There are 2 protein chains.
Amino acid sequence: MSGSSMGRRPTMRDVARAAGVSQSLVSIVFRGAPGAGAQTRDRVLAAARELGYVRDESARSLRASQSTSIGVCFQTRQPFHHVLLDGMYAHTAGTNHPLVLSAVSDARDEATAIRGLLAYRCGALVLLGPRGDEQSLLAMAGDTPVVVVGRRVDDRSIDWVTSDDGLGMDQAVTHLRTLGHRRVLYLSCSRAAGGPDRLQAFHDAAAANGISRSVTVADGEMTEQRGARAAERLLAGSILPTAVIAFNDRVALGLMEVLIRRGVAVPKDISVVGFDDSEIAQRDPVLMTSVHQDAESLARIAVERASQRIHPSSPPTDPHGTLVPTHLVVRSTTGEAPRR
Amino acid sequence: MSGSSMGRRPTMRDVARAAGVSQSLVSIVFRGAPGAGAQTRDRVLAAARELGYVRDESARSLRASQSTSIGVCFQTRQPFHHVLLDGMYAHTAGTNHPLVLSAVSDARDEATAIRGLLAYRCGALVLLGPRGDEQSLLAMAGDTPVVVVGRRVDDRSIDWVTSDDGLGMDQAVTHLRTLGHRRVLYLSCSRAAGGPDRLQAFHDAAAANGISRSVTVADGEMTEQRGARAAERLLAGSILPTAVIAFNDRVALGLMEVLIRRGVAVPKDISVVGFDDSEIAQRDPVLMTSVHQDAESLARIAVERASQRIHPSSPPTDPHGTLVPTHLVVRSTTGEAPRR
DNA sequence: CTGAAAGCGCTTACAG
DNA sequence: CTGAAAGCGCTTACAG
């Protein structure tokens, strides 16, 4: 980088001088605004590259009348959030929507993470699986528009996008029912974003399939550990369900790890269905039947909603929420119900 | 938030007016600079809270003579990076070092991620497991100081901190040797940051334990899939090693998943040692023997180095790198070498 | 402590 | 296209 010879980082003035144009024009080129000829534009970009120029986001967002960056709040320990992040990066590459990230972790609560995003003047916030209730999310965000991913929201000032759990659960239960299963256990996670939605969806699907009276539900965390515990409790009990649907793939994996070690054959003795269809489910030899969540669409729609809120060309979309279809990926962990 | 009644977000001026002090004084309070009495300070903070004031990082970092924020470049698909993120958040909470995150993913290469950090005027960059070679990292960072986590770096202008792989490998190999193992396979990952270091460490540890001639090495990716493939290749071969050390816990897990399904008992028939001692290794029923990486110390030292580079009270520390000790956590996947 | 002021690097509107 | 200018919300040095 020849820029290093200057002793400070190059500014638009430096690029302008190097390209022999005005500073205003450099700004026009970098904003992609009309007013620069193709040839001039190339000269400016060449000079910028030569100097190692990087446009200053702090200055840009401070000065711009409308902040276009999208703040994303995610959880460090949620693999599915990282898949969503990938998708959001893919859908903002080359746009004027830089992503600003802020993580929720043991040492950092949601309010702190959101405050961190506001400090960078984000034009909109995308919250992945937020735990807070609607009113506190609204209070935290203040005047900044909010898009929630992974659960429904009633308040109409918040946009949301999530997988169609009703559809997904129905696909899972119908699949099991077709295989002859009636005694189905659902490992719920009421604490998670979308946890209550998914539980309701399970009850609805059981009713629709006429097995409401033979299904059971257990509640807990959304980790492998929780699945493992559930397996132990199952094995200690008198009547085994013939199939288990887990809140997510991680819970299903933990469950299967214990079952297999204890000599319970999957799916011969018990069928297992995961949720997410993450890498966990897809890999050999796990090959788990799982409800596929379309992370790519979730991410794309979240970005689109945020972008619409930032540039309100039209009144807010109605409805304010989107359900993304799921589909069931049948692999090797589901089979005919055993007769017992 | 009573601030929402203003129609725009509150600034320091608004807080000053509400608290009945000057704007300069509000700045002093928020910077923690000397010049404000305890009582005034409380009045300012109360007014700020009342208004829902969040200090504008864009303006702060634009104006401040020295940018104090730390840019962190991480990979979305690396669980260990998220543990490091947790640690870095914990060690910057309450300091004047806000973290700015930028992810590397399929859709976003390292150069783009680093440029993203520079755009926010970070005072220093912390790169988690960067893949680029030293010269390109230096070129990308320009004048911004760089701290690399997860591998050694020769260039003395870059600080680094990583686990002592030499120690960790020696702990793993010595443990196996004590149990009578000689035929040890190492599943390497030369492409990963620190991969070559760890491979060299394995060879050194084998030599120190007098088993150089009976060990083998296979190379590949750092995923469960890769471990599963390795297990299949092992089972197809004529002579099984009596123990496997994996590049990380994920590879070890994939390996064990196949072994257990094929009726190969761990550790009776084959011992398995992971690396990282992540949640994967710790959970029941996996309970994997693994080389523990001290993520908390790695994160703390990375933050300390970055902070030192931002506020150079003393000349750069010598040496510019730190090796963090590992320790071996013995669980249930290692045992006496089988006689065959 | 106050108050007035300069300036970080941009965006934006404006006269030419 | 240029060039001069204002201003985003802060930090910082300064006179009182």
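## Contact between two helices

Contact means heavy atoms within 4.5 Å. In this predicted model, helix α5(A) and helix α13(A) are in contact in that sense. From α5(A), the residues taking part are Phe80(A), Val83(A), Leu84(A), Gly87(A), Met88(A), His91(A) and Thr92(A). They meet Ala295(A), Glu296(A), Leu298(A), Ala299(A), Arg300(A) and Val303(A) of α13(A). By type, the residues of this contact divide into eight nonpolar, three polar and two charged.

Two packed helices are described by the angle between their axes and the distance between the axes. Helix α5 of chain A covers residues 79-92, and helix α13 of chain A covers residues 295-310. Their axes come within 8 Å and cross at roughly 55°. Angles of 65 to 115 degrees count as roughly perpendicular and those under 35 as roughly parallel; α5(A) and α13(A) are therefore oblique to each other. The crossing of α5(A) and α13(A) is right-handed.

## The sheet

Strands of a sheet pair through backbone hydrogen bonds, either parallel or antiparallel. In chain A, six strands form an open sheet with mixed pairing, in the order β7-β6-β8-β9-β10-β12. At the edges stand β7 (216-219) and β12 (327-329) of chain A. Each of these has a single partner strand, so one side of each is left without a neighbour in the sheet. From one strand to the next, the twist averages 20°.

Strand β8 (residues 243-246) and strand β9 (residues 271-276) of chain A run parallel and are joined by three bridges. Opposite Ile245(A) stands Val273(A) in β9(A).

## Helices across the sheet

Which strands does helix α8 of chain A lie across? Helix α8 (residues 165-178) lies across β6 (184-188), β8, β9, β10 (289-292) and β12 of chain A. Its direction is at about 165° to β9(A).

Helix α9 (residues 195-208) of chain A lies across β6, β7, β8 and β9 of chain A. Helix α9 of chain A runs at about 170° to β6(A).

## The two chains

Terms used
Residues numbered from 1 in each chain as written. Chains lettered and ligands numbered in written order. Predicted model: local features only at pLDDT ≥ 70, side-chain atom pairs only at ≥ 80, totals over all residues. Heavy atoms only, no water. Axes fitted to C-alpha atoms, helices over the stretch in contact; angles between N-to-C directions. Helix = DSSP H or I, 4+ residues; strand = E, 2+ residues; numbered from the N terminus. Parallel < 35°, antiparallel > 145°, perpendicular 65-115°, else oblique. Left-handed = near helix turned anticlockwise from the far one by under 90°. Nonpolar A, V, L, I, M, F, W, Y, C, P; charged D, E, K, R; others polar. Pairing = 2+ DSSP bridges.
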